[in-house]
Amino acid sequence: MFCVECGKEIEEDFDGMCIECYIKSRKFFEIPGTIEITVCRNCGSHKLESKWIEGSMEDALKNFLEGSIKHRGVKKFRVKMEGSRIICTGEFHEHPVYEEREVEIKTRYSICEKCSRMKGGYFEAILQVRKDGTNMTDEEIKLSDEVVYKKAGHGGYVTKREKKHGGIDYYMGDKKMAASAARILSDMFHGETSISPSLVGMKDGREMYRNTYVVRIPEYAKGGYVEVGGRVFRVFDMGKRIGMRDIETGEKKYFSRNEMSKVKVIGAEEMEAIVLSSREKEVQILDPENYKTVVISKPEDMEVGEKVRILKWKDRIYLTGG
Ligand SMILES: [Zn+2]
Ligand SMILES: [Zn+2]
C-alpha cells in the first residue's frame, strides 16, 4: 500500500496516508483566535470564562488554555504562550505534533465577586480570639494577625478587625478560611476552639448560616508561673500534658488541660535583685521594689553583688534561676 500524498510505501494507514502526510494534513488542536480577560480593578484577579483566578495574567492564561483547548488523539499535550502566540505541542502515535496561532487578548476591567462582597461588608464568619482572664500580649496579637491575614489572602478576606476586651474579633469573608485560621491559632496557642452557627437568612431556598469561631487561649503560658497547692511552679512544657517544675524543689508535675483549671496563674513578673551577702545556707538579697533586705535559702553558690532573678508572690520572694 502506498501513501496517496507522497507515494511512499506504508505499513500503517491513516486515511490512505503515511503518518507524516497525515500529520501535515490535519489539525490536532482547536486554538482560539481571541481570548477575553476580565481584570479585577481592586485585587488584580483575572476572569476567563466564568471563573476568577488570583495571580498573574500569565498563570491565569496558562491555566485557562490547559483546561480549554480541545485536542484530538494527542498525548503529552502541552500549551505555552510566547508573546501573543499560543503554542501547542504533543504526540500523535509517537510522532511530535505542533501548532501555533496568534491570539488577540481583549482586556476588560471590572470588580471580582470577592472584592464586591468585601466592599459591601459581607462576611461569613467571625473569628474571635480570646485570652482567658486577661488580655492578649502584643506578641500574641501580632502572631494572631499574621495567621489570619495570611489565611485571608488565600481567597478570603478580613472585612473588619476589632479589638475587644481580652482579644480580637476578625470578620471574615470565607468560612473555610476562618475555620482553618482558628485551627492554626488553637494549635499555636494551645487553646481550644468552639463553633456556633447562627442563621442569618435564606438564599435560593437554602438557609444561610454565619459561623462564629472562638479560640480560647489559656492564661498560662510556657515560661510563666502558676501556683499549685500553695507552691510555685514554672510551666516548661505545653504539649498534650502541661509540664510544670516546682521552682524551689525542682519537682515536676504533669497536668491535663482539664486539671489546669485547678491551677492559679501567677500574674506577677520576674524581677532582678542583687545579692547582698551569702552564707552557707542562705543569702540576703535586696528587694528592688522597697529596698528591704530579705533572707532566702540558698539553692546554689551565689556571690555577693551577683544579680539574680526573683519572683514576688504572696509576700514571699522566690529565686527563679531564670
Ligand atoms: Zn505520505
Ligand atoms: Zn478582586
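**Entry 1. Domains**

I take domain bounds from an automatic or database domain assignment. This is a predicted model, so I kept local features to pLDDT of at least 70 and side-chain atom pairs to pLDDT 80 or more, while totals for chains, interfaces and linings use all residues. Residues are numbered from 1 along each chain as its sequence is written, and chains are lettered from A and ligands numbered from 1 in the order in which they are written.

I looked up the domains of the chain. The assignment lists domain 1 (19–110), domain 2 (121–217), domain 3 (222–267) and domain 4 (269–322). I then checked domain 2 against domain 3. Their C-alpha centres are 29 Å apart.

**Entry 2. Overall form**

I counted helices and strands as DSSP runs, numbered from the N terminus (helices: H or I, at least four residues; strands: E, at least two). The chain has five helices and 24 strands. Its radius of gyration is 34 Å, well over the 20 Å of the globule rule for 322 residues, so the chain is more spread out than a compact globule. That radius is taken over C-alpha atoms, and the rule is 2.2 Å times the number of residues to the power 0.38. Along its principal axes, the C-alpha trace spans about 110 × 50 × 35 Å.

Next I looked at burial. I call a residue buried if 20 or more other C-beta atoms lie within 10 Å of its own, exposed if 12 or fewer, and partly exposed in between, with C-beta atoms placed from the backbone. Of the 322 residues, 20% count as buried.

I also looked at contacts (C-beta atoms, placed from the backbone, within 7 Å). Among contacts between residues at least 6 apart in sequence, 48% join residues at least 24 apart.

**Entry 3. Cores**

I searched for nonpolar cores, meaning sets of buried Ala, Val, Leu, Ile, Met, Phe, Trp, Tyr and Cys residues joined through C-beta atoms within 7 Å. The largest has 23 residues, and L127, M172, A178 and A181 have the most contacts inside it. Two or more residues each come from β10 (125–131), α4 (138–153), β12 (167–172), α5 (175–188) and β14 (206–217). Which element gives the most to this core? It is α5, with five residues. A second, separate core has 15 residues, including Y225, V235, M244 and Y318.

I followed M172 further. Leaving out residues up to four places away in sequence, M172 touches F123, E124, A125, L127, A152, G156, V158, M177 and A178.

**Entry 4. Helix α4**

The 16 residues of α4 should span 22 Å, and its end C-alpha atoms are 22 Å apart, which agrees. Its buried residues are S144, V147, V148, K151 and A152. I take the arc from the directions between the helix axis and the C-beta atoms. The face turned away from the buried side carries the exposed residues D138, E139, K142, E146, K150 and G153. Among the elements covering the buried residues are β10, β11 (158–164), β12 and α5.

**Entry 5. Helix α5**

I did the same for α5. It has 14 residues and reaches 20 Å from first C-alpha to last, close to the 20 Å expected. M177, A178, A181, A182 and L185 are buried. Their arc is only 135 degrees, which puts them on the same side of α5. Their cover includes β10, α4, β12, β13 (192–203) and β14. Just after α5, H190 has a positive phi of about 55 degrees.

**Entry 6. Positive phi in loops**

I noted that most residues other than glycine have a negative phi. E94 has a positive phi near 65 degrees. It sits in the loop between β7 (85–92) and β8 (95–102). E94 counts as exposed because it has 8 C-beta neighbours inside 10 Å. D315 has a positive phi near 60 degrees. Its place is the loop between β23 (307–313) and β24 (316–319). D315 counts as exposed because it has 5 such neighbours.

**Entry 7. Two distances**

I looked up G223, in the loop between β14 and β15 (225–228). G223 and V235 are twelve residues apart in sequence and 5.3 Å apart in space, C-alpha to C-alpha. Then I turned to E248, in the loop between β17 (242–246) and β18 (252–255). E248 and E207 are 41 residues apart in sequence and 59 Å apart in space, C-alpha to C-alpha.

How values were computed
Contact = placed C-beta atoms within 7 Å. Expected span 1.5 Å × (residues − 1).
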